[in-house]
Amino acid sequence: MTPEQKLAALFAAEAPPRRDYAFEADVAERIARRRAWMTVAALVPWMVIAGIVLWALQSFLETLSLELATLIQPLALVVAGTVVAAGVGLWLTGVLQRRVTVAATPK
Amino acid sequence: MHGALTDAELVSRALAGSDAAFSRLVERHQAAVRAFLRRFLGSGWAEADDVAQEAFVAGWSSLRSLKDPAGVRSWLCGIAWRKAQDRIRSNRRGAARDSGWLEMVETPAGVAPEEKMALQAAMAELPADVRACVSLCLGDGWSHGEAAEALGLPLGTVKSHVARGRARLLKALGGPDDA
């Protein structure tokens with residue numbers, strides 16, 4: 001074997017396989033991680049802006065929430081009453097249905 | 001699905017957001033990039049593969065800067081080369097740099113283990129530029145022009161690096177001094 005052939009043989013011996021699924025999966029994973037970080041980084045300025053806007057509107061939002069609470073309170077009572085009434089109605093219906101079924105069953 | 005597509009078409013699809021197209025590029029060029037890094041870095045294969053993965057991720061994120069989509073292999077190897085140089089500069093490898101080269105490789109028939117070690121030592125002594133040129137042109141059969149493009153070196157420099165590196169490696173394997 002000539003030195004030239006030995007050199008070629010040694011270089012060829014360390015060549016990676018033509019297809020390597022594990023390596024390709026590792027690259028895909030790293031890309032997915034990079035993309036996730038890029039998404040987070042892209043969202044940071046918007047989060048900062050949203051924080052500043054909310055901070056600037058703090059006093060206005062406080063007033064608004066109090067006004068809304070006054071406005072919504074009667075409506076919330078009506079909704080809560082309706083839900084309770086509906087729940088009780090359903091429960092009574094179930095109880096009555098069971099009693100009627102027991103009474104109608106021949107002994 | 002992407003079997004018959006050219007590199008340029010795959011690059012175009014990857015730029016449009018297709019991960020499958022970029023995966024196909026990885027599949028197609030991983031062997032070339034990893035082989036180059038294994039020879040250039042000379043350490044264990046794990047480090048070469050780690051740098052190769054970094055290179056592919058860097059390629060993915062800077063795909064828009066690729067001027068010639070048909071030359072994606074050279075472009076990726078160029079990125080890999082810069083990453084490998086950074087790795088050599090930054091770390092931890094220093095004097096131990098080339099101690100692991102070829103240790104994981106089975107000695108081919110007709111080659112003595114001492115010759116393998118001699119080649120390892122000779123590669124370690126080559127300057128980084130020369131080693132890169134030798135890895136691409138002698139190891140992977142790249143043309144001088146392709147290597148010059150990938151490494152960002154003048155064509156004449158690549159030719160002289162390859163000739164010089166080849167002579168040193170052949171001498172280490174028992175060739176004449178002026179091989």
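Tutor: The account below begins with helix α5 of chain B and then turns to its surroundings.

This is a predicted model, in which local features need pLDDT of at least 70 and side-chain atom pairs count only at pLDDT 80 or more, while totals for chains, interfaces and linings use all residues. Residues are numbered from 1 along each chain as its sequence is written, and chains are lettered from A and ligands numbered from 1 in the order in which they are written.

Helices (H or I, at least four residues) and strands (E, at least two) are DSSP runs, numbered from the N terminus. On that basis chain B has eight helices and zero strands. Helix α5 of chain B covers residues 113-125. The expected span of a helix is 1.5 Å times one less than its number of residues.

A residue is buried if 20 or more other C-beta atoms lie within 10 Å of its own, exposed if 12 or fewer, and partly exposed in between, with C-beta atoms placed from the backbone. The buried residues of α5(B) are B:Glu115, B:Lys116, B:Leu119, B:Gln120, B:Ala122 and B:Met123. Seen down the helix axis, they fall within an arc of 165 degrees (the arc of the directions from the axis to the C-beta atoms), so they line one face of α5(B). An α-helix has 3.6 residues a turn, so residues three or four places apart point the same way. The face turned away from the buried side of α5(B) carries the exposed residues B:Pro113 and B:Glu114.

What do the buried residues of α5(B) pack against? Within chain B they pack against α6 (128-139) and α8 (155-172), and from chain A against α1 (3-13). Two residues are in contact if their C-beta atoms, placed from the backbone, lie within 7 Å. By that rule 24 residues of chain A are in contact with 31 residues of chain B. On the side of chain A that touches chain B, the elements giving two or more residues are α1 and α2 (21-56) of chain A. That side of chain A comprises 14 nonpolar residues, no polar ones and 10 charged ones. Here Ala, Val, Leu, Ile, Met, Phe, Trp, Tyr, Cys and Pro count as nonpolar, Asp, Glu, Lys and Arg as charged, and the others, Gly among them, as polar.

In the loop between α5 and α6 of chain B lies B:Pro127. B:Pro127 counts as exposed because it has 11 C-beta neighbours inside 10 Å. B:Pro127 and B:Gly165 are 38 residues apart in sequence, yet their C-alpha atoms are 9.0 Å apart in space.

Helix α7 of chain B (residues 144-151) also has buried residues, namely B:Ala147, B:Ala148, B:Ala150 and B:Leu151. These too fall within an arc of 165 degrees, so they line one face of α7(B). The buried residues of α7(B) pack against α4 (72-90), α6 and α8 of chain B.

As for the two chains, 41% of the 179 residues of chain B count as buried, and buried residues make up 7% of the 107 residues in chain A. Chain A has three helices and zero strands, and its C-alpha trace spans about 105 × 70 × 10 Å along its principal axes.
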